[in-house]
Each structure stands twice: as structure tokens, then as C-alpha cells.
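Reader: I am new to this structure. Could you show me how to read its features, one at a time?

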Amino acid sequence: MINYAAIGQRVKEYRIKACLTQSELAEALDVSTGYISQIECGHTQVSLNRLDSIASIIDTKIENLISDLSDKEYKENLILEITNNWTTEQSELLFNIVKNMDKYFCAHAE
């Protein structure tokens, strides 16, 4: 069964990552802003052709929108995609943040 809510959530996350509003995406697709909202909320069954167009506009692959990865795997892939073009300095900063968070979580584990 196709999980349109999960697809919609991914569309929203990648749209935001691409710095586009719903209105801008709608204009690029020649559809209404309400239609984009319905997709992102999982209230409509969006076609593969439309998803392919969306993926192209929001600079991702259609596979990233329809993938049936677990939520954890999806988020891990999204982090890799977001940080792919970061400088070494930016990557080091993120690494230090994550390392400190891990220390905190380990120290406060019940």
C-alpha cells in the first residue's frame, strides 16, 4: 500500500530544503497552492509523473520521495544529502555537536 502521507512529508521537507514556498512550487508546476498542500498532507494520490516533476523542481530524485525506508533511514539519508556540499569546517562543527549530544545522552540514560 502506498503511504501518501509519508510521500507528502518528504515532498515538504525537500521543498523547504530547496528554499521554495508552496506557492512557488505550485507556480512551477502550474497547479494551485491548495493542491501542493493536499500533497504534503497526504490527502491526495499524486501520480508518478507529477512526483517526477516535483522531484526535478525541488532538486532531488523521485526515489527519495517514494522510498519506503524506515523513518530513521530516511532521516539519515536526508542528513547526508543536506551536508553533502558542506565545507570541512561545517562538517566538523556538526560532528562536534553530535559527539557532545551523544555524551549528554549517555550520561543521562536511565
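Reader: Is Tyr74 buried or exposed?

Author: The model is a predicted one. Relative accessible area under 20% counts as buried. Tyr74 has 6% relative accessibility, so Tyr74 is buried. This tyrosine belongs to helix α6.

Reader: How many residues separate Tyr74 and Asn64 in sequence, and how far apart are they in space?

Author: They are ten residues apart in sequence. From C-alpha to C-alpha, the distance is 8.3 Å.

Reader: What should I look for in a nonpolar core?

Author: Begin with the general idea. In soluble globular proteins, nonpolar side chains tend to be buried together. Now take the case here. The largest nonpolar core has 18 residues. Val11, Leu25, Leu51, Ile54 and Leu65 touch the most other members.

Reader: Which elements give two or more residues to this core?

Author: They are α1 (4–17), α2 (22–29), α3 (33–41), α4 (48–57), α5 (62–66) and α6 (71–83). The most comes from α1, which gives four residues.

Reader: Which residues is Ile54 in contact with, leaving aside its neighbours within four places in sequence?

Author: Ile54 contacts Val11, Leu25, Leu29, Ile39 and Leu65.

Reader: How do I read a pair of helices?

Author: Take the angle and the distance of their axes. For α2 and α4, the angle is about 120° and the axes are 10 Å apart. That angle makes α2 oblique to α4. Their crossing is right-handed.

Reader: Which residues make the contact between α2 and α4?

Author: From α2 come Leu25, Ala28 and Leu29. From α4 come Arg50, Ser53, Ile54 and Ile57.

Reader: At what angle do the axes of α2 and α3 cross?

Author: They cross at roughly 110° and come within 8 Å. Angles of 65 to 115 degrees count as roughly perpendicular. So α2 is roughly perpendicular to α3. On the α2 side, the meeting residues are Gln22, Ser23, Leu25, Ala26 and Leu29. On the α3 side, they are Thr33, Ile36, Ser37 and Glu40.

Reader: Is Glu40 buried or exposed?

Author: Glu40 sits in helix α3. Its relative accessible area is 7%, so Glu40 is buried. Not counting residues up to four places away in sequence, Glu40 touches Gly8, Gln9, Val11, Lys12, Arg15 and Gln22.

Reader: How is a pair of aromatic rings described?

Author: A search of the whole structure gives one aromatic pair. The ring centres of Tyr104 and Phe105 are 5.8 Å apart, and their planes are at 70°. Planes over 60 degrees apart count as edge-to-face. So this pair is edge-to-face. Tyr104 itself is partly exposed, at 47% relative accessible area.

Reader: What about backbone angles?

Author: Most residues other than glycine have a negative phi. Look at Cys19. Its phi is near 60°, a positive value. Cys19 lies in the loop between α1 and α2. An area over 50% counts as exposed. At 66% relative accessibility, Cys19 is therefore exposed.

Reader: Where is Asp59, and what is its phi near?

Author: Asp59 is in the loop between α4 and α5. Its phi is near 60°, which is positive in a residue other than glycine. With a relative accessible area of 63%, Asp59 is exposed.

Note on methods
Residues numbered from 1 in each chain as written. Predicted model: local features only at pLDDT ≥ 70, side-chain atom pairs only at ≥ 80, totals over all residues. Heavy atoms only, no water. Core = buried A, V, L, I, M, F, W, Y, C linked by side-chain atoms within 4.5 Å. Buried < 20%, exposed > 50% of the residue type's maximum accessible area, 1.4 Å probe, protein only. Contact = heavy atoms within 4.5 Å. Phe/Tyr/Trp six-rings, centres within 6.5 Å; stacked < 30°, edge-to-face > 60°. Axes fitted to C-alpha atoms, helices over the stretch in contact; angles between N-to-C directions. Parallel < 35°, antiparallel > 145°, perpendicular 65-115°, else oblique. Left-handed = near helix turned anticlockwise from the far one by under 90°.
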